[in-house]
Amino acid sequence: RICSTSPYVRSGMASSLLRTASSKGFFVRVAGCQPFHYLRSLLSQYSTSTASPNGRHTVTLIPGDGIGPEMAASVKEVFRKTNVPVDFEELVISGAISADPGVTDQALASIKRNGVALKGVLSTPIDVPVDVRSLNVQMRVDLDLFASVVLCKTLPGVKTKHGELDIVVIRENTEGEYSGLEHESVDGVVESLKIVTREKSLRIANYAFDYATKNKRKKVTAVHKANIMKQADGMFLDCCQMVADKYPGIEFNSMIVDNTCMQLVSNPHQFDVMVMPNLYGNIVGNVCAGLVGGAGVVPGMNIGHRHAIFEQGARHKAIELAGRNKANPTGIILAAVAMLEHLGLQEHASAISLAVKKVLSDGKVHTSDLGGSAGTGEFVQALVKELPK
C-alpha cells in the first residue's frame, strides 16, 4: 500500500518499489483509495526508451519476412513526412531459415540498448529441428515481454458484420504451451509440456486490471479451460480472481475458451478487456482481428518491464502478397502510432492516427482486403496527403 500524498510517489521515486512488487506478482494499491489510477504510467517507465539530448529516439527496426519489408518501408515514409524524431537501427533477420546465433544476439542486444523495437512477422517454419526455437518466442522470452496486447477496434470506413467493437486481448507471453518442452518418450508417443506458474499468472492478471483501470475500461474476462486442465488453468483462473477482488470497480467474469470463440462470433459486444494464457491468446486474438477487418488493420505490442516490441496484432507474414504492392499497411502503422505514444510523442502519434482514420473513412483508397483496389504505396501516399503540413 502506497499513500498517494507521499512525496516519493509524487516525485516518481516509488517506481523502483512498484517495479519490484509487480515483477513478483504483488498487487499495489494506494492507501484509502481505489486502485492506483496512474500505476500504469509508472509501470510504463520500465520499457520506455530515453531520448537523446537532441530529443531523438533510436528504435530497433526488424522488417521480418513476407510483406514485412514493404510494411517497414511504409512506416519509414510516414515518419519521414511527419518529421518524427525517431532514428531506426534496422536489422535484417529472417525466421524462414535457421538464424545465425550471432545475428539473433545482435538483434536482442539492439532492443536491450534501445528499449523499443518495431517488428514485422518472423516466420516460424514447421519442418525444422525440435531444438530450433521460434525467433518470435525467443525474443519474448529472452526480453521477458510478458504481456501481448492486441487492440481490436473497429475503424471508420471498414465494414464489419458486428458494427462498432472495441476489444483488448491481453495474453501471457512467456510460458504455457509455448514453453518449447517436447520429447518423444517412446516411439510414437510425444509429450508436450504446458508450463503455468503462479508468479506469471498473477503478473499478467495484474497487468490486465491495471490496463483496464488506466484506460477506463469496465470489464475484464479471464479465458481458460479449467474444466479440463484443473491444475494449470485452475491456478491461472484463481490468480485472476485474486487480482479481481482488489478491483471492485471493474466487473470480472470468466469463460471457457471454446465458448469464448463461439460468443465472439455471435455476440462480441459483451467483451471489453480479455486476459488469458499464451495459446488461447493467439487464437482469440486472431478471431478478434477477423471481427474488425482482418490482419491488415490490427495493431499489437509486446510489453515487458524494460523493453517493448510493437508489431501487427495478427501475425501473418502474407508470403503470397510479398512484393506485389497489395498488402494493407494500416496495422503496422497503427502499431507504430502506439509506439510513438509509448515514447511520449503524442503529437506525432495523433497526427498519424487521424490521417489513417481519414483515409479509411473516405473509402476512396482501400486495399483489396477491405474491398478496394488500391496498392500499398497508394494507401501510404493518400495518408501522407492528410498529414499536417
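This report looks at one helix, the nonpolar cores and one hairpin in a predicted model.

Residues are numbered from 1 along each chain as its sequence is written. Because the model is predicted, local features need pLDDT of at least 70 and side-chain atom pairs count only at pLDDT 80 or more, while totals for chains, interfaces and linings use all residues; side-chain values use heavy atoms, with hydrogens and water left out.

Let's start with helix α11, residues 330-342. Helices here are DSSP runs of H or I with at least four residues, and strands are runs of E with at least two, numbered from the N terminus. The expected span is 1.5 Å times one less than the number of residues. For the 13 residues of α11 that gives 18 Å, and the end C-alpha atoms are 18 Å apart, which agrees.

How many residues of α11 are buried? It's 12 of the 13, so the helix is largely enclosed by the rest of the structure. Buried means under 20% relative accessible area, exposed over 50%, and partly exposed in between (1.4 Å probe, protein chains only).

Next come the nonpolar cores: sets of buried Ala, Val, Leu, Ile, Met, Phe, Trp, Tyr and Cys residues joined through side-chain atoms within 4.5 Å. In the largest, with 96 residues, I170, M274, F310 and I352 touch the most other members. Helix α11 gives the most to this core, with nine residues.

Strands β6 and β7 form a hairpin with two residues between them. They run antiparallel, joined by six bridges; strands pair if DSSP finds at least two bridges between them.

| Residue | Place | Phi |
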